[in-house]
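Subject: Structure handover

Hello,

Here is the structure I promised to pass on. Please look it over first; my notes follow below.

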Amino acid sequence: MKSKNIPMRRCVGCRESKPQSELIRIAFRDGTIKADLTGREPGRGAYVCGRECFEEAVKKKGFARAFRCAVKTEDIEKIREIFDEQR
């Protein structure tokens, strides 16, 4: 019997590969980014492990690199609020 394939994704903050189910997806579509907690939003996606990796990705411009464009500050602030609500 075949073993089930586990999809792996790389965190844009710490750059470690982890199973997709352990990461939080950040979706980019129509020039804006938002947290995709369901994993089903359309658009290009980047993944982070949590709040610390999110802040590291912002600091090192990981989202700009992943989405190949500049990221708006107000979008970053909206995602920070979502992380604050989850605590």
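Arg 25 sits in strand E3, residues 24–29. Helices (H or I, at least four residues) and strands (E, at least two) are DSSP runs, numbered from the N terminus. This is a predicted model, in which local features need pLDDT of at least 70 and side-chain atom pairs count only at pLDDT 80 or more, while totals for chains, interfaces and linings use all residues. Numbering starts from 1 along each chain as its sequence is written, and side-chain values use heavy atoms, with hydrogens and water left out.

Is Arg 25 buried or exposed? Arg 25 is buried, because its relative accessible area is 10%. The classes are buried under 20% relative accessible area, exposed over 50%, and partly exposed in between (1.4 Å probe, protein chains only).

Two backbone oxygens lie by the side chain of Arg 25. That of Gly 43 is 2.7 Å from a polar atom of the Arg 25 side chain. For the backbone oxygen of Glu 41, the distance to a polar atom of that side chain is 2.9 Å. Beyond residues up to four places away in sequence, Arg 25 touches Lys 34, Ala 35, Asp 36, Gly 39, Glu 41, Gly 43, Arg 44, Gly 45, Ala 46 and Tyr 47. Contact here means heavy atoms within 4.5 Å.

Next, Glu 41. This residue is in the loop between strand E4 (32–36) and strand E5 (44–48). Glu 41 counts as partly exposed because its relative accessible area is 29%. Which side chain does the side chain of Glu 41 meet in a polar contact? The partner is Lys 34, at 3.3 Å. A polar contact is a pair of N or O atoms within 3.5 Å; within protein, one must be able to donate a hydrogen and the other to accept it, and residues adjacent in sequence count only if both atoms are side-chain atoms. Leaving out neighbours within four places in sequence, Glu 41 is in contact with Arg 25, Ala 27, Lys 34 and Asp 36. Ala 57 is 16 residues from Glu 41 along the chain, and their C-alpha atoms are separated by 20 Å.

Now the largest pocket. Its space comes to about 230 Å³. The lining consists of Gln 20, Ser 21, Leu 23, Ile 24, Arg 25, Asp 36, Leu 37, Thr 38, Gly 39, Arg 40 and Tyr 47. By type, the lining has four nonpolar, four polar and three charged residues. Ala, Val, Leu, Ile, Met, Phe, Trp, Tyr, Cys and Pro count as nonpolar, Asp, Glu, Lys and Arg as charged, and the others, Gly among them, as polar. On a 1 Å grid over the protein atoms alone, probed at 1.4 Å, a pocket is an open set of points with protein on both sides within 12 Å along at least five of seven lines; lining residues have an atom within 4 Å of a point. Volume is the space filled by probe spheres set on the points, which are joined across faces, edges and corners.

The whole chain comes next. There are three helices and five strands. From the N terminus, the order is β-β-β-β-β-α-α-α. The radius of gyration is 13 Å, close to the 12 Å that the globule rule gives for 87 residues, so the chain is as compact as a globular protein of that length. That radius is taken over C-alpha atoms, and the rule is 2.2 Å times the number of residues to the power 0.38. Along the principal axes, the C-alpha atoms fill a box of roughly 50 × 30 × 25 Å. Of the 87 residues, 33% count as buried. Among contacts between residues at least 6 apart in sequence, 49% join residues at least 24 apart.

- Arg 15 has a positive phi, near 65 degrees. It is in the loop between strand E1 (8–10) and strand E2 (17–19). Arg 15 is partly exposed, at 47% relative accessibility.
- Lys 61 has a positive phi of about 60 degrees. It lies in the loop between helix H1 (51–59) and helix H2 (62–67). Lys 61 is exposed, with a relative accessible area of 59%.

Last, Cys 69. This residue is in the loop between H2 and helix H3 (73–86). Cys 69 is partly exposed, at 28% relative accessible area. Not counting residues up to four places away in sequence, Cys 69 touches Phe 28 and Ala 64. Gly 31 is 38 residues away along the chain, with 8.4 Å between its C-alpha atom and that of Cys 69.

Best wishes
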